[in-house]
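Subject: Model handover

Hello,

Please find the model below, for your own use. My notes on what was found follow it.

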Amino acid sequence: MNFIERLMSQEPYRILIGMGLFLLSSLLLYLIYQRVISVLKRKSLIRKPAVNSFVIDILKIPVLWLLLWILFKIFSHSFISETPVFSTLMSINNILLILTVGWLVIKIVKAFFYYWLNKLDIHTADNLNARRSLTRMKIFENIIVATIVVVVLGICLMTFEQVRSIGVSLLTSAGIAGIIVGFAAQKSIATVLAGVQIAITQPIRLDDVVIVEGEWGRIEEITLTYVVVKIWDERRLILPVTYFIEKPFQNWTRSTAEILGTVFLYVDYALPVDALRSRLTEIVQHHPKWDGRVANIQVTDTKERYKELRVLVSSKDASLNWDLRVDVREQLLDFIQQNYPGCFAQMRVQKLHTESL
């Protein structure tokens with residue numbers, strides 16, 4: 001028996017040799033891995049560098065850990081299989097392998113969805129189809145990731161013999177337990193199902209302009225349980241997904257982003273409306289935020305002291321229309337002030353003179 005065989009026959013030395021070889025192999029694996037990653041990154045610059053670099057960055061960490069756990073399992077079976085701690089180490093290693101595989105699968109799902117999302121262009125004027133696809137993909141990505149997490153945790157628990165035996169014994173009472181859990185979690189289940197319903201029916205989509213709770217904003221994020229609405233002043237309104245199933249709300253971009261906006265003016269009866277219509281035409285004719293569809297003024301109401309004028313203008317989307325209405329209101333008020341200064345809504349007071357007897 002040579003020197004190496006004598007060392008390997010003694011348990012402490014065998015463990016130390018195994019640890020040393022494992023550390024050296026891990027270092028060699030890391031160097032090879034870094035070399036492969038650098039080569040892949042250089043090749044990714046040839047076509048779609050942003051997408052390919054993101055995919056490489058998102059996958060490289062879980063892949064490295066997966067290789068290390070596999071390497072640890074190999075060395076454990078080779079050098080410490082006869083030690084008392086072997087079974088414990090293998091249980092921990094199996095759990096780490098399962099978690100890493102689940103992590104890798106989640107990253108692959110995210111990379112897949114990222115790749116397809118980059119094919120969508122939501123920055124165009126007519127982005128309805130892109131926003132529809134983006135909303136559906138985001139929600140289904142969350143569903144898939146949540147499902148993977150549940151499955152991975154279940155597999156981890158099933159690696160313990162005690163859990164498997166408990167699980168078998170609980171199967172006999174699964175019906176009753178299911179009913180109890182169903183009643184306890186019915187609100188959570190309803191919320192998740194509402195998220196799935198939104199993904200399919202799409203009453204809202206990402207970047208939709210909505211009016212909710214009296215606030216104007218855009219849909220910024222949709223998850224399985226809640227929706228984030230970005231209010232015009234940078235606040236965020238967090239609402240459960242069930243809100244958009246159960247309660248009425250305004251969606252200004254449901255079928256198209258084009259919108260009509262109104263400006264109300266309250267003026268004296270002496271103001272000639274045709275002059276104001278001509279001025280409105282001059283304002284919108286070369287305005288970059290007017291889409292050329294509608295620009296009109298109508299008398300929509302009359303009161304004892306004034307008449308109500310409704311100015312109607314159209315734009316490609318709500319944000320442009322807001323800015324257009326502000327400009328139109330300002331310029332029409334200036335026009336009235338400069339040309340008909342006495343024609344704003346006013347209250348007339350008549351002084352009565354009485355003759356002294």
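In which loop is E234 found? E234 is in the loop between β3 and β4. Please keep in mind that this is a predicted model, and that the values here are computed from it.

E234 has a positive phi of about 75 degrees, although it is not a glycine. Most residues other than glycine have a negative phi. E213 is a further case: its phi is positive, about 55 degrees, and it is not a glycine either. E213 is found in the loop between β1 and β2.

The sheet

Strands of a sheet pair through backbone hydrogen bonds, either parallel or antiparallel. Between strand β2 (residues 215–222) and strand β3 (residues 226–231) the pairing is antiparallel and runs over 5 bridges. For G217, the bridge partner in β3 is I231.

Nonpolar cores

The largest nonpolar core has 30 residues. Those with the most contacts inside it are I204, I219, I222, V227, V229 and F244. Two or more residues each come from α4 (86–117), α5 (128–158), α8 (186–201), β1 (209–212), β2, β3 and α9 (243–246). The largest share, 7 residues, is from α5.

I219 is worth a look in the viewer. Leaving aside neighbours within four places in sequence, I219 is in contact with I204, R205, L206, D207, D208, V210, V227, V228, V229 and F244. A second, separate core has 19 residues, including L265, V267, L271 and V328.

C156 is placed in helix α5. With a relative accessibility of 8%, C156 counts as buried, because the cut-off for buried is under 20%. Not counting residues up to four places away in sequence, C156 touches I95, I98 and L99. C156 and I95 are 61 residues apart in sequence, while their C-alpha atoms are 5.7 Å apart in space.

Y33 is found in helix α2 (residues 11–44). At 9% relative accessibility, Y33 counts as buried under that cut-off too. From Y33 to L64 there are 31 residues in sequence and 7.5 Å in space, C-alpha to C-alpha.

The second largest pocket

Rolling a probe the size of a water molecule over the atoms shows where empty space is left. The second largest pocket holds about 220 Å³ of space. Which residues line the second largest pocket? They are I211, W216, W232, W252, A318, S319, W322, D323 and R325. By type, the lining divides into 6 nonpolar, 1 polar and 2 charged residues. Helix α11 (residues 318–339) gives the most to this lining, with 5 residues.

If you load the model, the loop that holds E234, between β3 and β4, and the pocket lining with its 5 residues from α11 are two places to begin.

Regards

Conventions
Residues are numbered from 1 along each chain as its sequence is written. This is a predicted model: local features need pLDDT of at least 70, side-chain atom pairs count only at pLDDT 80 or more; totals for chains, interfaces and linings use all residues. Side-chain values use heavy atoms; hydrogens and water are left out. On a 1 Å grid over the protein atoms alone, a cavity is a set of points where a 1.4 Å probe fits but cannot get out, and a pocket is an open set with protein on both sides within 12 Å along at least five of seven lines; lining residues have an atom within 4 Å of a point. Grid points are joined across faces, edges and corners, and a volume is the space filled by probe spheres set on the points. Helices (H or I, at least four residues) and strands (E, at least two) are DSSP runs, numbered from the N terminus. Ala, Val, Leu, Ile, Met, Phe, Trp, Tyr, Cys and Pro count as nonpolar, Asp, Glu, Lys and Arg as charged, and the others, Gly among them, as polar. Two strands pair if DSSP finds at least two bridges between them. Buried means under 20% relative accessible area, exposed over 50%, partly exposed in between (1.4 Å probe, protein chains only). A nonpolar core is a set of buried Ala, Val, Leu, Ile, Met, Phe, Trp, Tyr and Cys residues joined through side-chain atoms within 4.5 Å. Contact means heavy atoms within 4.5 Å.
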